[in-house]
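My notes are below the view.

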Amino acid sequence: MALHPQALALLERTRTASNTPWTDGGIERARAMMAQVARFPTPREPVARIENLQVVGPDASIPVRLYYPRKAGPGPWPGLIYTHGGGWIMGDLEMSDGPLRTLANRAGCVIVSVNYRLAPEHKFPAALDDTYRVALWLVEQHVRLNLDPRRLAVAGDSAGGNLAAALALQARDRGDFQPLLQLLIYPALGVDFATASYQEYGDGYGLSTEDSRWFWRQYLGPAQDYLNPYAVPLASPNLRGVCPAIIVTSECDPLRSDAEQYASRLESDGVVVQFRKHGELLHGFLQMGSFVEPVKRAIEEIATQLNQALQLSLA
């Protein structure tokens with residue numbers, strides 16, 4: 001499928017700015033490139049309020065940012081734990097600031113964005129440990145934060161989608177809390193680099209197959225971690241009992257097959273799944289709302305699905 005003209009123009013602009021892959025130049029260069037992406041002008045609509053807090057983590061404080069929605073009544077509100085993308089090695093709270101403002105307002109929920117520790121300095125399971133700790137903190141502090149602990153969801157994009165899926169698996173297995181929903185946006189879920197989407201879109205579409213291999217190597221530690229479902233959710237032998245899922249992907253994305261396979265596996269194991277594939281879009285489209293018109297519609301659709309799922313929980 002051909003890219004949307006605006007997505008193609010943005011891809012060409014990115015190629016002009018930097019013709020080298022993420023893997024060239026090491027970690028620091030990759031982080032500098034991601035910081036440039038985070039500075040792209042994206043819609044940043046006002047929310048009711050923003051709080052920047054610190055959560056006591058397993059080894060250090062974890063920065064979080066809370067987005068309270070406009071026009072959502074007095075609360076308590078549903079909550080959404082969000083983990084950003086960036087191949088587990090890049091990104092921060094600013095990276096998803098624009099899209100999360102829109103999602104908070106449209107979905108009518110408080111979004112808690114997690115600034116988890118990054119690899120390779122902090123390999124698996126550090127990022128997941130941080131995210132799980134924030135989830136427990138939300139449950140513990142729900143009265144002070146004006147959140148409804150019965151309506152807590154987990155979400156993330158790309159590498160953050162991996163963390164959200166793993167968090168849902170951990171929640172099922174540990175029983176400390178039970179999220180109502182996992183929202184996975186073009187998630188990185190498996191380490192099979194010969195899938196149909198890697199074959200179709202693994203070169204020339206922004207995220208290459210070699211980039212993905214490199215990101216996984218930075219994130220994972222010992223070889224056995226490649227078989228750990230909390231690191232590689234598609235490695236899970238059993239998905240029964242995990243919370244319902246909304247899985248969103250794009251046609252021109254090398255990770256598309258991961259999303260398709262996970263949706264199929266969840267359905268086979270009796271989990272309710274809403275699956276949406278957006279044609280003509282690239283991996284990482286959440287940050288493209290100022291440049292690509294279909295992205296705005298995609299974000300609105302995600303917010304509507306999220307709102308409906310969280311509101312239906314009250315029935």
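These entries go from conventions to the sheet, then to helices and a single residue.

**Conventions.** I am working with a predicted model, where local features need pLDDT of at least 70, side-chain atom pairs count only at pLDDT 80 or more, and totals for chains, interfaces and linings use all residues. I number residues from 1 along each chain as its sequence is written, and side-chain values use heavy atoms, with hydrogens and water left out. I take helices (H or I, at least four residues) and strands (E, at least two) as DSSP runs, numbered from the N terminus.

**Sheet.** I traced eight strands in an open, mixed sheet, ordered β1-β2-β4-β3-β5-β6-β7-β8. Pairing here requires at least two DSSP bridges between two strands. I found β1 (49-56) and β8 (273-282) at the edges; each has a single partner strand, so one side of each lacks a neighbour in the sheet. Neighbouring strands are turned by 20° against each other on average, direction ignored. I then checked β6 (residues 181-185) and β7 (residues 245-252): they run parallel and are joined by four bridges. Leu184 has Ile247 in β7 as its bridge partner.

**Helices on the sheet.** I count contact as heavy atoms within 4.5 Å. Angles run from 0 to 180 degrees between N-to-C directions, and axes are lines fitted to C-alpha atoms, for helices over the stretch in contact. Helix α9 (residues 256-268) lies across β6, β7 and β8, at about 150° to β7.

**α4 against α6.** I looked at α4 (residues 126-140) and α6 (residues 159-174): their axes come within 10 Å and cross at roughly 60°. From α4, Ala127, Leu128, Thr131 and Tyr132 take part; from α6, I list Leu163, Ala166, Leu167, Gln170, Ala171 and Arg174. By class, this contact has seven nonpolar, two polar and one charged residues. Nonpolar covers Ala, Val, Leu, Ile, Met, Phe, Trp, Tyr, Cys and Pro; charged covers Asp, Glu, Lys and Arg; the others, Gly among them, are polar.

I use buried for under 20% relative accessible area, exposed for over 50%, and partly exposed in between (1.4 Å probe, protein chains only). In α3 (residues 97-107), ten of eleven residues are buried, including Leu100 and Leu103. Just after α3, Gly108 has a positive phi of about 70°. How buried is Ser113? Its relative accessible area is 1%. I place Ser113 in strand β4. Not counting residues up to four places away in sequence, Ser113 touches Pro63, Val64, Arg65, Tyr67, Tyr82, Leu93 and Leu100.
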